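This report describes the backbone, packing and side-chain geometry of a protein model. The sequence and the coordinates are shown first.

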Amino acid sequence: MTLSVIIITKNEEANLQACLESVRFADQWVVVDNASTDNTRAIASAFGAEVTQTTAWPGFGPQKNIALGLATQEWVLSLDADERVTPELASEIQQAMHAPSVHAFEIPRLTQFCGQWIHHCGWTPDPVLRLFRRGHAEFSDDLVHERVILKEGGPSRLVNRLLHYSYPTPTHYWRKLEQYSLAWAEQAHARGKTSSMPRAVTSGLMAFVKSYFFRLGLLDGSMGFAVCAMQAQAAFGKYFTLYCLNQQNASKKT
């Protein structure tokens, strides 16, 4: 069985080398870069990856479908640049690809926040569908929070975790929050969805209660509280942004 690893990037010079090193066992590495201004493309090329550059940003789903279209091997592993495949997971992936009747696998993911692994807050086990037979799946066209759509059957799940170094500092979280909130709101607005200030406030409060109490974020200590508070801000932010777009659209009509 052969494997293509696909990664979409933008200014990921701090992450990409370690990500690629963790999947050196693959047969092909595809990097689709969106107009990076740092050394991302040079790092990918030096490693031996096939690098394609896009100038316009079509959204996460469409960008990943571009990368998927460039994969040539029997199986595809989709990664983000801030993710790492452990040696144990690498061995499990290589074994899983020989499964005769399974076309896709979810991988449990463990995320680090400001240097601490988060084991609760709804962040763990966080199964993500990332490994699949080429030709049996594609990505949704969502601008954000894209998902893998299987053409038949359902996925199995691996045991070993994918490590996610997504938020080394709070600044990284706020940057992603702004990007994702705007993309989500624009997508929802384009589909005719509406929001209100009470909806935004309620969503933020419920997100905190759910993640801190029901999903046991309190067991992650002070960082768990921070994660739950930021998740509340994220929930408020996306519905508030949608509310603002609704208001702007209403003002234009009047």
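In which loop does Asp 126 lie? Asp 126 belongs to the loop between S8 and S9; helices (H or I, at least four residues) and strands (E, at least two) are DSSP runs, numbered from the N terminus. The model is predicted, so local features need pLDDT of at least 70 and side-chain atom pairs count only at pLDDT 80 or more, while totals for chains, interfaces and linings use all residues. Residues are numbered from 1 along each chain as its sequence is written, and side-chain values use heavy atoms, with hydrogens and water left out.

Most residues other than glycine have a negative phi, and most peptide bonds are trans. Asp 126 has a positive phi of about 50 degrees although it is not a glycine. With a relative accessible area of 22%, Asp 126 is partly exposed; buried means under 20% relative accessible area, exposed over 50%, and partly exposed in between, with a 1.4 Å probe and protein chains only. Pro 125 is placed in the loop between S8 and strand S9 (128–133), and a cis peptide bond with omega of about 10 degrees joins Thr 124 to Pro 125. Asn 11, a residue other than glycine, also has a positive phi, near 55 degrees. Asn 11 is found in the loop between S1 and helix H1 (16–22) and is partly exposed, at 34% relative accessible area.

## Overall architecture

The protein comprises 7 helices and 13 strands. Its radius of gyration is 19 Å, close to the 18 Å that the globule rule gives for 254 residues, so the protein is as compact as a globular protein of that length. The radius is taken over C-alpha atoms, and the globule rule is 2.2 Å times the number of residues to the power 0.38. Along the principal axes, the C-alpha atoms fill a box of roughly 55 × 45 × 40 Å.

Of the 254 residues, 47% count as buried. Among contacts (heavy atoms within 4.5 Å) between residues at least 6 apart in sequence, 73% join residues at least 24 apart.

## Packing around Ile 7

Ile 7 lies in strand S1 (residues 3–9) and is buried, with a relative accessible area of 1%. Its C-alpha atom is 6.4 Å from that of Val 32, 25 residues away in sequence. Leaving aside neighbours within four places in sequence, the contacts of Ile 7 include Leu 16, Leu 20, Val 30, Val 32 and Leu 79.

Among the buried residues of H5 are Tyr 173, Leu 177, Trp 184 and Gln 187. The elements that cover the buried residues of H5 include strand S7 (109–113), strand S13 (162–167) and helix H7 (221–253). Just after H5, Gly 192 takes a positive phi of about 85 degrees.

In helix H6, Leu 205 counts as exposed, at 56% relative accessibility. The C-alpha atoms of Leu 205 and Ala 232 are separated by 6.2 Å, although these residues are 27 apart along the chain.

## Aromatic and charged side chains

The whole structure holds 20 aromatic pairs. Rings of Phe, Tyr and Trp (its six-membered ring) pair if their centres lie within 6.5 Å; planes under 30 degrees apart count as stacked, over 60 as edge-to-face and the rest as tilted. The ring centres of Trp 117 and Tyr 165 are 5.2 Å apart and their planes lie at 65 degrees, so this pair is edge-to-face. Trp 117 is in strand S8 (residues 116–118) and Tyr 165 in strand S13, so the pair ties together parts that are 48 residues apart in sequence. Phe 208 and Tyr 212 form a stacked pair, 5.2 Å centre to centre with 15 degrees between the planes. Both lie in helix H6 (residues 197–214), 4 residues apart, about one turn of the helix, and both are buried.

One aromatic cluster is formed by Phe 113, Trp 123, Tyr 167, Tyr 173 and Trp 174. The charged end of Lys 238 sits over the ring of Trp 184, 4.8 Å from its centre; this requires NZ of Lys or CZ of Arg within 6 Å of the ring centre and within 35 degrees of the ring normal.

## Cysteines

The count of disulfides (pairs of cysteine sulfur atoms within 2.5 Å) comes to 0. The sulfur of Cys 121 is 3.8 Å from the closest cysteine sulfur, in Cys 228, which is too far for a bond. Cys 121 is buried, at 1% relative accessible area, whereas Cys 244 counts as partly exposed, at 28%.
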